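I opened my notebook to record what I looked up in this structure. The entries follow in the order I made them.

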Amino acid sequence: MSNQSQQDVCCLMGDPVAGNPTQYMLEQAFDAAHLDWRFLTFEVSAVDFEGALRGARIFGFRGVMLAPPHRARALPYLEELGDAARISGQVNCVAQTDGRLRGYNTEGRALRHLLEQHGPLTGAKVTVLGAGRVAKSIAAELASVEVQELAFVTRRPDEAEKFAARLTDETPLGACAVVPWEEDAPLRAVEGSRVLINATPLGRPDDGPLEVSLQGLAPKSVVADVLYNPPQTPLLSRAGEGDFVTVDGLTLLIEQAALAFEIWTGASADRTVMREAVEEFLVL
């Protein structure tokens with residue numbers, strides 16, 4: 001039991017939030033760690049976001065998870081930012097200590113942890129499909145561990161060029177390229193890439209296949225997909241049939257929530273319990 005007069009509370013803010021498994025997953029993680037904490041879910045519109053975040057500060061919430069569309073909107077209201085959050089402009093985790101709010105991005109850190117289980121990233125070439133919110137979060141983290149080269153394959157090259165310049169200016173990244181997404185040709189990794197990441201919302205089985213060529217990837221490369229429902233996407237199925245290692249979006253979802261849990265509580269998160277909770281919630 002907590003020895004504080006007020007129970008420790010964290011929450012999720014997003015719009016929409018229906019079907020989001022975060023509350024169930026983190027409530028189970030608190031129970032497994034024997035913490036008398038609670039997690040709440042709030043559907044908060046963009047116009048109400050500033051007031052909702054002020055309320056979380058006033059009521060002493062220990063942490064806030066941010067879902068779209070609030071991850072970029074939070075920055076002006078935070079006293080401190082982690083490097084990946086600052087560079088990417090995306091915050092998905094807020095921690096409150098002594099009335100001060102610090103913003104983090106655990107998406108990129110989570111994927112880095114999972115990729116590093118298959119070998120060091122220093123000196124690697126990485127191809128990221130997409131250049132939106134998730135792609136920026138991932139790239140900002142990977143650039144900090146001195147990957148040799150990072151390439152965005154994107155339909156919005158102008159926007160990506162600006163972010164690529166920021167990465168090379170503010171991180172140890174060796175080089176950053178932007179490759180236009182050609183509509184009539186399969187997407188392709190940069191030759192010699194050791195990591196290929198689908199950071200787009202495309203590629204679910206009911207959307208039709210995401211045409212991605214795996215040629216050019218080095219043997220034993222890692223192919224990752226941020227989509228978590230279902231976790232086994234067509235891209236990962238094809239990669240698994242070849243000589244590649246795969247990282248699925250469900251494992252990524254659990255890891256980024258586990259890192260938030262550990263930032264807030266200082267305790268270790270039971271990832272097995274969290275996976276079981278998500279799989280139960282999503283009926284996987």
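I count a contact when heavy atoms lie within 4.5 Å. This is a predicted model, so I note the limits: local features need pLDDT of at least 70, side-chain atom pairs count only at pLDDT 80 or more, and totals for chains, interfaces and linings use all residues. Residues are numbered from 1 along each chain as its sequence is written, and side-chain values use heavy atoms, with hydrogens and water left out.

**Entry: leucine 259**

I looked up leucine 259 and found it in helix 8, residues 249-265. My helices (H or I, at least four residues) and strands (E, at least two) are DSSP runs, numbered from the N terminus. I then listed what leucine 259 touches, not counting residues up to four places away in sequence: Thr106, Arg109, Ala110, His113 and Arg271. Threonine 106 is 153 residues from leucine 259 in sequence, yet their C-alpha atoms are 6.4 Å apart in space. For exposure I use relative accessible area: buried is under 20%, exposed is over 50%, and partly exposed is in between (1.4 Å probe, protein chains only). Leucine 259 has 6%, so I logged it as buried.

I traced six strands in an open sheet and wrote down the order 2-1-3-5-6-4, with mixed pairing. Strand 2 (37-43) and strand 4 (80-81) are at the edges with a single partner strand each, so one side of each has no neighbour in the sheet. Two strands pair here if DSSP finds at least two bridges between them. Strands of a sheet pair through backbone hydrogen bonds, either parallel or antiparallel.

Which sense do strand 5 and strand 6 pair in? Residues 93-97 and 100-104 run antiparallel, over five bridges. Within strand 6, glycine 103 stands opposite valine 94.

I also checked helix 2 (residues 49-58), which lies across strand 1 (8-14), strand 3 (63-66), strand 5 and strand 6. Its angle to strand 1 is about 170 degrees. Axes are lines fitted to C-alpha atoms, for helices over the stretch in contact, and angles run from 0 to 180 degrees between N-to-C directions.

**Entry: rings**

I found seven aromatic pairs in the structure. One of them joins phenylalanine 30 and tryptophan 37, a tilted pair at 5.6 Å centre to centre with 40 degrees between the planes. Rings of Phe, Tyr and Trp (its six-membered ring) pair if their centres lie within 6.5 Å; planes under 30 degrees apart are stacked, over 60 edge-to-face, and the rest tilted. Phenylalanine 30 is buried at 0% relative accessible area, and tryptophan 37 is buried at 5%. Ring pairs also bring in Phe261, making a cluster with Phe30 and Trp37.

Next I looked for charges over rings, which requires NZ of Lys or CZ of Arg within 6 Å of the ring centre and within 35 degrees of the ring normal. The charged end of lysine 136 sits over the ring of phenylalanine 163, 5.7 Å from its centre. Arginine 155 lies over the face of tryptophan 181, 4.4 Å from the ring centre.

**Entry: helix 5**

How many of the 11 residues of helix 5 are buried? I got 10, so helix 5 (residues 133-143) is largely enclosed by the rest of the structure. The buried ones include Lys136 and Glu141. They pack against helix 3 (83-88), helix 4 (106-116), strand 7 (125-129), strand 8, helix 6 (157-170) and strand 11.

Threonine 154 is in strand 8, residues 149-154. I logged it as buried, at 3%. Beyond its neighbours within four places in sequence, its contacts are Gly130, Ala131, Ala160, Val178, Val179, Pro180 and Trp181. The side chain of threonine 154 reaches the backbone nitrogen of arginine 156 at 2.9 Å.

Threonine 200 is in the loop between strand 11 (195-198) and strand 12 (212-213). It is also buried, at 8%. Its side chain makes a polar contact with the side chain of asparagine 198 at 2.8 Å. A polar contact is a pair of N or O atoms within 3.5 Å; within protein, one must be able to donate a hydrogen and the other to accept it, and residues adjacent in sequence count only if both atoms are side-chain atoms. The side chain of threonine 200 also reaches the backbone nitrogen of leucine 202, at 3.1 Å.

**Entry: glutamate 182**

Is glutamate 182 buried or exposed? I logged it as exposed, at 53%. Glutamate 182 is in the loop between strand 9 (175-180) and strand 10 (187-188).
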